[in-house]
Amino acid sequence: MSLELTLTTTPTVPLEADVISPARLTGLSAAAAAKLTVVHGNVRADLGEFFKIKGTGNGEVHVTGDLSRIKMIGAGMTEGRLIVHGSVGMHLGARMAGGEIRVEGNAGDWVGPEMTNGLIVINGNAGHLVGSALRGDAAGMQGGEIVVLGNAGNEVGSGMRRGLIAIGGNTGDFTGVGMLAGTVVVLGQLGWRTGASMKRGTIVSMHPVEMLPTFTHACRYRPVFLRLYLARLRRLGLPVTPDQLDGEYHRWCGDALELNRGEVLLLDTGETAAPH
Amino acid sequence: MRLHDTDIVDTFAEAFAMWGARVLITAETAEWAMAAAQSMTGFATSVIGCKCEAGIEAVLLEDATPDHRPGVSVLLFSMNAEGVGKRLVERVGQCVMTCPSTACYNGLSAAEQVTVGGQLRYFGDKHQIAKLLEGRRMWRVPVMDGEFLVDDQFGIQPAVGGGNILILGRDERATLAAAAAAAAAMRGIPGTILPFPGGVVRSGSKPASRYKFLHASTNDAYCPTLRAVSSETQLPDGVGSVLEIVIDGLDLAGVESAMRRGMQAAAEAGAVQITAGNYGGGLGQYQIRLHPLLEGAAV
């Protein structure tokens, strides 16, 4: 039987609850899980003060309620499944190394920062800095997959080194800023300054965007590798169309202020003429 | 044993332990995928002279390929794991990467792997790009029509080579018809290929020669023109032509299945006798007896 947590007391200030993770809860009874320590503001508390808990930890955890003030859920997770029936707060799956997190609602800022493996799926929207580096750290996401079916905020994939981030809707500004490698796919619109200071890596969008002057148009072509990525995203629930799968993409290379080895691939929608 | 009017000799095919790989080639059209596959499997009839044996396993529809484009599945065999790796690098590099619009993927889930894309990437002259998706590392090598996409690693596994049947007919035309029918029936068995032209070989060999510099020479026991001069002749009266079908497979069951189908089709097509090539059992690791394969089918 899986472990089921239902929010009974909404925290008045952010609650850090990295114990809500299959790795921490597996094998625990409901009573034992209730005694795990969380941090409410700057005060230590028991998990059971905020959640009604039933079942036994068997690798799958269900959490129900509006968890938008609860941070660090699934942080450091290495295995198992975590399903959130509601919305979650910041730092979901921070430094996650394995397993799967599914959120039926929205997620706050910093989804999957510096994660190295595993899968995070957000059915709603996500905040800023999806898959990014934590402030002061050199590299962001280093593996795994993050899928947001809705929109995401600014700096998606900031400092990303490896892995896949897919956004079904739009993203804010600075998507892929400082990217080192990896892949960001945005089915909707990109904000401003896409790929600023990226060294390597791939940013894909299905809509035209004004590129920074430090990016140069290379060609229009059908990147075969992208078919594999889009097929994967379709399996993960994103509405990838045949036109996107079979379409031609404009390849922009940049950022020339850095290594100039990154790329932005923009689906040729016919809305704008080719740059050359 | 008789199958229809065909005499099935109580003997065995002597097959060998090999190593095999499956290569999935895709392209913009089925024609270009086939062009690459045919090029890759050319000059790959026998390890004796070609260093590997290769053939087309199947034509793949879009929904059966990693990138959802038309494709062809190719099997390649060699005598050891290192040999498979070397031949893959050579043939994928020279025959698939060179062919317009193609991509090349590993088609085997196997514990043992050889590096293919990881070698070919150097052609990209430091412009190549690595991608990692679902644990699969791929290389994007820039080429003049866009990019060549190739898997970094290809799985290899122990395999069976040299399964065979010898089809004896009354004359060249009748034997060719029986062999063609057999080859058609044997194609399409998953995990197997017929590496010779059209699946059929006429220059069967024995592992010896009267020349010191040669390790194999014509199988005089089955050459009709040598019936009167060879003391080794195995040709019964009324046989004027012999053709052989060689089968390589990723496992023994596939090779046996192909041999069974081939014998049944050749018998239905009027073969006089069906036998198999062996070396007395002293060379190969597998002895595939003909009669047990046909139990229940023979009369």
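I began with polar contacts across the interface of chain B and chain A, and the rule finds 11 residue pairs, both partners at pLDDT 80 or more. That cut-off matters here, as this is a predicted model.

Next I asked which elements of chain B give two or more residues to the side that touches chain A. I got four names: β6 (103-106), β8 (129-133), β9 (136-143) and β10 (146-151). The largest share comes from β8(B), with four residues. I also sorted that side of chain B by residue kind: eight are nonpolar, eight are charged and four are polar.

Then I checked for salt bridges between chain B and chain A, and the rule gives three. I looked up the pair B:E134 and A:R235, which form a salt bridge with their closest N and O atoms 2.7 Å apart.

How much area is buried between the two chains? My note says about 1,600 Å², with 57% of it from carbon and sulfur atoms. On the chain B side, B:E134 turns up again: together with B:K131 and B:L133 it loses the most area to chain A, and the three make up 31% of what that side buries. Counting contacts instead, I found 20 residues of chain B touching 21 of chain A.

Last stop, the inside. The largest nonpolar core has 60 residues, and A:L5, A:I20 and A:F51 touch the most other members. Strand β1 of chain A (residues 3-7) gives the most to this core, three residues.

Conventions. Residues numbered from 1 in each chain as written. Chains lettered and ligands numbered in written order. Predicted model: local features only at pLDDT ≥ 70, side-chain atom pairs only at ≥ 80, totals over all residues. Heavy atoms only, no water. Core = buried A, V, L, I, M, F, W, Y, C linked by side-chain atoms within 4.5 Å. Buried < 20%, exposed > 50% of the residue type's maximum accessible area, 1.4 Å probe, protein only. Contact = heavy atoms within 4.5 Å. Buried area = accessible area lost by both parts, 1.4 Å probe. Salt bridge = Lys/Arg side-chain N within 4 Å of Asp/Glu carboxyl O. Polar contact = N/O pair within 3.5 Å; in protein donor to acceptor, adjacent residues only side chain to side chain. Nonpolar A, V, L, I, M, F, W, Y, C, P; charged D, E, K, R; others polar.
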